[in-house]
Amino acid sequence: MDADDGLTGTDLDAALTQLYRAQWAPMVRLAWLLLHDQGAAEEVAADAFVAIHPRVVDLVQRGAAAAYLRRSVVNGCRSRQRHEIVEARYRRRVEQSVDLPGRTTASSAEAEALAHVSGAALRAALASLPQRQREVLVLRYFCDLSEDDIAAALGIRAGSVKTHGHRGLAALREAVEVQR
C-alpha cells in the first residue's frame, strides 16, 4: 500500500474483519472436505487469511477476495497432502526396519477400531479419486461453485473442470455400485 492511496490501517483491519466474518466458515469447510482433519483445515484457512492481509482492500474492492481465499485454501491443502505423503513414506520405511523397537505382527486394537469408523462408502470412494477430480467434485457439489469459479480456484480452464468432473462422477458411480 502506498502512503498516498488514502487508506489507513483502520480501513485494512475493517476490510479484513468483514472478510473474515463472511468467509471463515466456508474456507474451513472447503479445507475439511479436502483434508478430513478439522485442525489442519483451520490451520490452512488461517494461513490463507494471513496471505491475503497485505492486499485485502484491493481484492475486496475488485470482488476477488473470496476467489483468492479459495485458491489459497486449495493450494494449502495440496501442500499439506504432499507433506503427508512424504511423512507416510518415511513411516513405512521406518516401520519395515528389522530393528524397530516394540515391533508387532498385528495392528493394534485402536487401529482396528479406527478402520471400522472411517465413514460412508461415498467418502471412501471420493478419497480414492485422483486429487484433481476430488477437488473439482468437492468445489462443485459441496461448495456449490460454478465451473468458472472452480476453474479460477484451481488455476485450470473451464473445459478441464468439465472433464475432471465427468470422470470423477463416473468413477464415483462405479465405486459405489461395486460396493452395493
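Buried means under 20% relative accessible area, exposed over 50%, and partly exposed in between, with a 1.4 Å probe and protein chains only.

**View 1. Two buried cysteines, C77 and C143.** By that cut-off, C143 is buried, because its relative accessible area is 15%. C77 is buried as well, with a relative accessible area of 1%. The structure holds zero disulfides, a disulfide being a pair of cysteine sulfur atoms within 2.5 Å. This is a predicted model, in which local features need pLDDT of at least 70 and side-chain atom pairs count only at pLDDT 80 or more, while totals for chains, interfaces and linings use all residues. Residues are numbered from 1 along each chain as its sequence is written, and side-chain values use heavy atoms, leaving out hydrogens and water.

**View 2. The whole chain, a run of helices.** Nine helices and zero strands make up the elements of the chain. Helices (H or I, at least four residues) and strands (E, at least two) are DSSP runs, numbered from the N terminus. Of the 180 residues, 28% are buried. Contact means heavy atoms within 4.5 Å. Among contacts in the chain with a separation of 6 or more, 64% join residues 24 or more positions apart.

**View 3. Helix α4 against helix α7.** Two packed helices are described by the angle between their axes and the distance between the axes. Here α4 (residues 65-95) and α7 (residues 131-142) pack at about 145°, with axes 12 Å apart. Axes are lines fitted to C-alpha atoms, for helices over the stretch in contact, and angles run from 0 to 180 degrees between N-to-C directions. From α4 come V74, R78 and Q81; from α7 come Q131, R132, R134, E135 and L139. These contact residues divide into two nonpolar, two polar and four charged. Ala, Val, Leu, Ile, Met, Phe, Trp, Tyr, Cys and Pro count as nonpolar, Asp, Glu, Lys and Arg as charged, and the others, Gly among them, as polar.

**View 4. E135 in helix α7.** E135 sits in α7. E135 is buried, because its relative accessible area is 2%. Leaving out residues up to four places away in sequence, E135 touches L34, V74, R78 and L154.

**View 5. Confidence along the chain.** pLDDT is the predictor's confidence in each residue, from 0 to 100. The chain mean is 82, and 78% of residues reach 70 or more. Where pLDDT is low, the predicted coordinates should not be read in detail.
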